[in-house]
Amino acid sequence: MGEKFAPCILNCPAYVDIRGYIDLIKQKDFSSALKLIMKNLPLPGTVARICPHPCEMNCTRRFKDGAVNISQLRIFLSSIEKNFIPQIKNDSGKKIGIIGGGPAGICSAYFLRQMGHQIFIYDAMPKMGGMLRYGIPEYRLPKKILDKEIDFLSQMQINLINNFKIDREKFLQIQHDFDAVIIAVGAWHSMKINCDGNQFFIDGIKFLQNIALNKENIVCGKKIAVVGGGNTAMDVCRSAIRLKAASVTNIYRRTKNEMPAQTCEIIEAQEEGVIFKELLSPVKIIGNGKNKTLIMQKYELGEKDSDGRFSFVSKNEFEQEDFDLIISAVSQKTEADFFSGKLNSDSTIKINNCFQTDNEKVFAIGDAIHTGKDRIAVVAISDAKKVSLAVNNFLMGLSVENLYAEPKKIICPSAKQKFESTRLEMKKVSVSERKNNFKEIILPWSEKEFLKEAMRCLNCGKHKK
Ligand SMILES: Cc1cc2nc3c(=O)[nH]c(=O)nc-3n(C[C@H](O)[C@H](O)[C@H](O)COP(=O)(O)OP(=O)(O)OC[C@H]3O[C@@H](n4cnc5c(N)ncnc54)[C@H](O)[C@@H]3O)c2cc1C
Ligand code: SF4
């Protein structure tokens, strides 16, 4: 039978011991608290800033006076404590090649290096971090936080090879040179919207990458349309506002309620002046020199599907509007042309239940194997922890089967502590101040607020009956 976990832990894809670290915070043992988090989550402050925090959705207090603000506790903790560098076992004599230096790649390096293996990470971009650096904008995740948290890479003597894109030839060489290989290339290829004139779309992922690389501002003073309803679309809209676009209109084929983007992102985008146009989908773009006319078909909501989402039904009605630039931010696809093994029909890499591809020494993790709502950083990091067990066993000649016992029972939440204490929300920079720049929008708590919020945790399941 799997281990028993408190409700918050049970909902965390990385099974971080949330109850345990909040208990250590209450005892003011901050360094042990951070060490406990980093057993499963080597990027504590980074992930706390961007995670949709499913842990909070399952917190016992959620149904009383608001979930414990688990993410903000971790943001504060990681700001006052130095990250923990784990001990490295004696050299195992084995070498692992990792393709991709996003959260999946760098965290699997963190876990496997501790086991004494030599690690080499290859990445196509100038710096490590993947979409955390080249996708998610600075106002949500300052790069100095990411840089501080990935410092373990150099401190643990992990070999970093940047500006190195793996192609078929290099992949064959890597397979030859290493005892095991992990593919963690994410999903960097933007899907095309199927409509006439789609050559006029600007690619949303490239747009965000160019901002991270400090390239030319192409939206200043212009009227912008952004098509899509996920995190990428919200990041593009809010970045365009900060780059002083004349106006930013988001176009989505369902309604705001059905958007896959995090709710706080949608609310903040609206506060910052993004115009939302719902139930519209592009059917044609006509390029008229500098201007583009976007012709959109109208939709209405239909029946609810099995996931509780409304279907959408096209109407024989159209609307059109002129824009200077139309940015497409719908979804991304995995691009691993170098890999000749089996892929799934959605182009993710096919793996077995221990992350092995059809070549037993080649493993795959992160966005390269997931789709939809599983394409989040904490899932990529959870994969990294799990694959490290499988790769290590493979290298030691042990079985890679049945390594992950999923927890089966929730500890019955304690209902004894019934004190009222409302959740302390994140403090944010005012709209007028934040929409003109890329500075982080979360404001720090005081230590008093931090400890007060920690005290709200009911330590579920730890009380005597
Ligand atoms: C705009 C945007 C906003 C997001 N917002 C959030 C959010 O708020 N919260 C959240 O949890 N998640 C968010 N995500 C998703 C999150 O970033 C990903 O789930 C996560 O980064 C996946 O990690 P990964 O390591 O699998 O892939 P990635 O982070 O994509 O890293 C893959 C790495 O592989 C490298 N690579 C690719 N091909 C090659 C090759 N052939 N050779 C060498 N290197 C290669 C790339 O350069 C990259 O560094 C967002 C994603 C985007 C695009
Ligand atoms: S009250 Fe504490 S232990 Fe219980 S679910 Fe919430 S964070 Fe976890």
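Q: Where in this predicted model is L403 found?
A: L403 is in the loop between α15 and β16 (427-428). The model is a prediction, so keep that in mind throughout.

Q: Why is L403 called partly exposed?
A: L403 has 17 C-beta neighbours inside 10 Å. Buried takes 20 or more and exposed takes 12 or fewer, so a residue in between is partly exposed. L403 therefore lands in that middle class.

Q: What makes L403 a contact partner of residues elsewhere in the chain?
A: Contact here calls for C-beta atoms within 7 Å. Leaving aside neighbours within four places in sequence, L403 is in contact with C354, L389, A390 and N393. Take A390: A390 and L403 are 13 residues apart in sequence, and their C-alpha atoms are 7.2 Å apart.

Q: What makes the phi of N214 worth a look?
A: Most residues other than glycine have a negative phi. N214 has a phi near 60°, which is positive, and N214 is not a glycine.

Q: Which class does S347 get, and why?
A: S347 has 14 other C-beta atoms within 10 Å, so S347 is partly exposed. S347 is in the loop between β14 (332-333) and β15 (362-364). S347 also takes a positive phi, about 75°, although S347 is not a glycine.

Q: Why is M191 called partly exposed?
A: M191 has 15 other C-beta atoms within 10 Å, so M191 is partly exposed. You'll find M191 in the loop between β5 (189-190) and β6 (201-203).

Q: What does M191 touch, not counting residues up to four places away in sequence?
A: M191 touches V330, S331, Q332 and K333. As for T348, 157 residues from M191 along the chain, the two C-alpha atoms are separated by 13 Å.

Q: Why is α13 said to be largely enclosed by the rest of the structure?
A: Because 12 of the 12 residues of α13 are buried. Among those buried residues are N231, D235, R238 and R242, along with M234, V236 and I241. The cover over the buried residues of α13 includes α12 (204-212), β7 (223-227), β8 (247-251), α14 (263-271) and β13 (325-328).

Q: How do you know that the span of α13 is close to what is expected?
A: α13 has 12 residues and reaches 16 Å from its first C-alpha to its last, against 16 Å expected at 1.5 Å a residue. Just after α13, K244 takes a positive phi of about 65°.

Q: What makes I183 stand out in the largest nonpolar core?
A: The core has 135 residues, and I183, V226 and I365 touch the most other members. The largest share of this core, 11 residues, comes from α15. Beyond neighbours within four places in sequence, I183 is in contact with I99, G100, A336, F339, I349, V362, A364 and A368.

Q: Which domains supply at least three residues each to the shell around ligand 1?
A: Domain 2 (95-188 + 334-395) and domain 3 (191-328) do. Of the 37 residues around ligand 1, G100, G102, G130, G186 and G366 come nearest. By class, the shell has 22 nonpolar, 10 polar and five charged residues. Helices that each supply at least two residues are α7 (103-114), α8 (131-134), α13 (231-242) and α15 (377-395).

Q: What makes up the shell around ligand 2, by class?
A: That shell has 11 nonpolar, two polar and two charged residues. Cys counts as nonpolar, and C8, C59, C457 and C460 come nearest along with R19, out of 15 residues around ligand 2. The largest share, three residues, comes from α2.

Q: Which domains is the protein chain divided into?
A: Domain 1 is 7-84 + 412-455, domain 2 is 95-188 + 334-395 and domain 3 is 191-328. The centres of domain 1 and domain 3 are 32 Å apart, taken over C-alpha atoms. Their contact takes six residues from domain 1 and six from domain 3.

Conventions
Residues numbered from 1 in each chain as written. Chains lettered and ligands numbered in written order. Predicted model: local features only at pLDDT ≥ 70, side-chain atom pairs only at ≥ 80, totals over all residues. Domains from an automatic or database assignment. Contact = placed C-beta atoms within 7 Å. Near = placed C-beta within 6 Å. Helix = DSSP H or I, 4+ residues; strand = E, 2+ residues; numbered from the N terminus. Expected span 1.5 Å × (residues − 1). Core = buried A, V, L, I, M, F, W, Y, C linked by C-beta atoms within 7 Å.
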